[in-house]
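Here are my notes on this one, written for someone opening it for the first time. Have the structure up on screen and go through the points in order.

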Amino acid sequence: MNVLIVEDEWIVSEEIKASVSENGFNVIGQADEGSTALELIQEIKVDLVLMDINIKGEVNGIQLARLIQKNTPCFIIFISSLDNRNQASELKGLNNYDFLPKPFTVESLYRIFEKHGLNLPR
């Protein structure tokens, strides 16, 4: 399973990468803002995006998710230290997503996979 991490705090991004890599996920790239994430997605097939909602740059994570899903059928998990579920108007029209609070465990990530019927990496 190819994973893209979109997180503007490099240390947090590295922690996420280490955690998911140790559990069978193939991290294909890390981006700290939207345009870099879009470039990576155009170059490599992505199955899962782990993304902070509040990223630096011209678009936030929800806006970036909308741009990604226009061209790429992938699942997006928003990872945030804030409860951003209240941004319902921004989430309107977005498909195939869920939330994980920071910091998260791999077990909580697996629960999301089970909830949505996604295949776990082998």
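This is a predicted model: local features need pLDDT of at least 70, side-chain atom pairs count only at pLDDT 80 or more; totals for chains, interfaces and linings use all residues.

1. Start with V12, which has E7 and K102 as contacts once its neighbours within four places in sequence are set aside (contact means heavy atoms within 4.5 Å). V12 sits in helix α1, residues 10-21; helices are DSSP runs of H or I with at least four residues, strands are runs of E with at least two, and both are numbered from the N terminus. With 18% relative accessibility, V12 counts as buried. For that label, buried is under 20% relative accessible area, exposed is over 50%, and partly exposed is in between, using a 1.4 Å probe and protein chains only.

2. Residues are numbered from 1 along each chain as its sequence is written, and side-chain values use heavy atoms, with hydrogens and water left out.

3. Now the main core. In soluble globular proteins, nonpolar side chains tend to be buried together. Here the largest nonpolar core has 22 residues, and L4, V6, V49, M51, I68, I76 and F78 have the most contacts inside it. (A nonpolar core is a set of buried Ala, Val, Leu, Ile, Met, Phe, Trp, Tyr and Cys residues joined through side-chain atoms within 4.5 Å.) At least two residues of this core come from each of β1 (2-6), β2 (26-31), α2 (34-43), β3 (48-51), α3 (61-71) and β4 (75-80). The largest share, four residues, is supplied by α3. Another core lies apart from it, with 17 residues, among them I16, F25, I77 and L109.

4. V6 is in contact with A31, A37, V49, L50, M51, D52, I55 and L64, leaving aside neighbours within four places in sequence. I68, found in helix α3, is buried at a relative accessible area of 1%. Not counting residues up to four places away in sequence, I68 touches L38, I41, V49, M51, C74 and I76. Between I68 and V49 there are 9.4 Å in space, C-alpha to C-alpha, and the two are 19 residues apart in sequence.

5. How do α2 and α3 pack? Their angle is about 20°, and their axes are 11 Å apart. That makes α2 roughly parallel to α3. (Axes are lines fitted to C-alpha atoms, for helices over the stretch in contact, and angles run from 0 to 180 degrees between N-to-C directions; under 35 degrees is roughly parallel, over 145 roughly antiparallel, 65 to 115 roughly perpendicular, and the rest oblique.) On the α2 side, G34, A37, L38 and I41 meet L64, L67 and I68 in α3. By class, this contact has six nonpolar, one polar and no charged residues.

6. P103 lies in the loop between β5 and α5, and a cis peptide bond joins K102 to P103, with omega about -20°. N96 is in the loop between α4 (88-91) and β5; N96 is not a glycine, yet its phi is positive, about 50°. N95 is found in the loop between α4 and β5 and counts as partly exposed, at 48% relative accessibility. N95 and N26 are 69 residues apart in sequence and 23 Å apart in space, C-alpha to C-alpha.

7. Last, where is L120? L120 is in the segment after α5 (106-116). At 27% relative accessibility, L120 counts as partly exposed. Its contacts are Y110 and F113, leaving aside neighbours within four places in sequence. L120 and L109 are eleven residues apart in sequence and 9.8 Å apart in space, C-alpha to C-alpha.

Conventions. Ala, Val, Leu, Ile, Met, Phe, Trp, Tyr, Cys and Pro count as nonpolar, Asp, Glu, Lys and Arg as charged, and the others, Gly among them, as polar.
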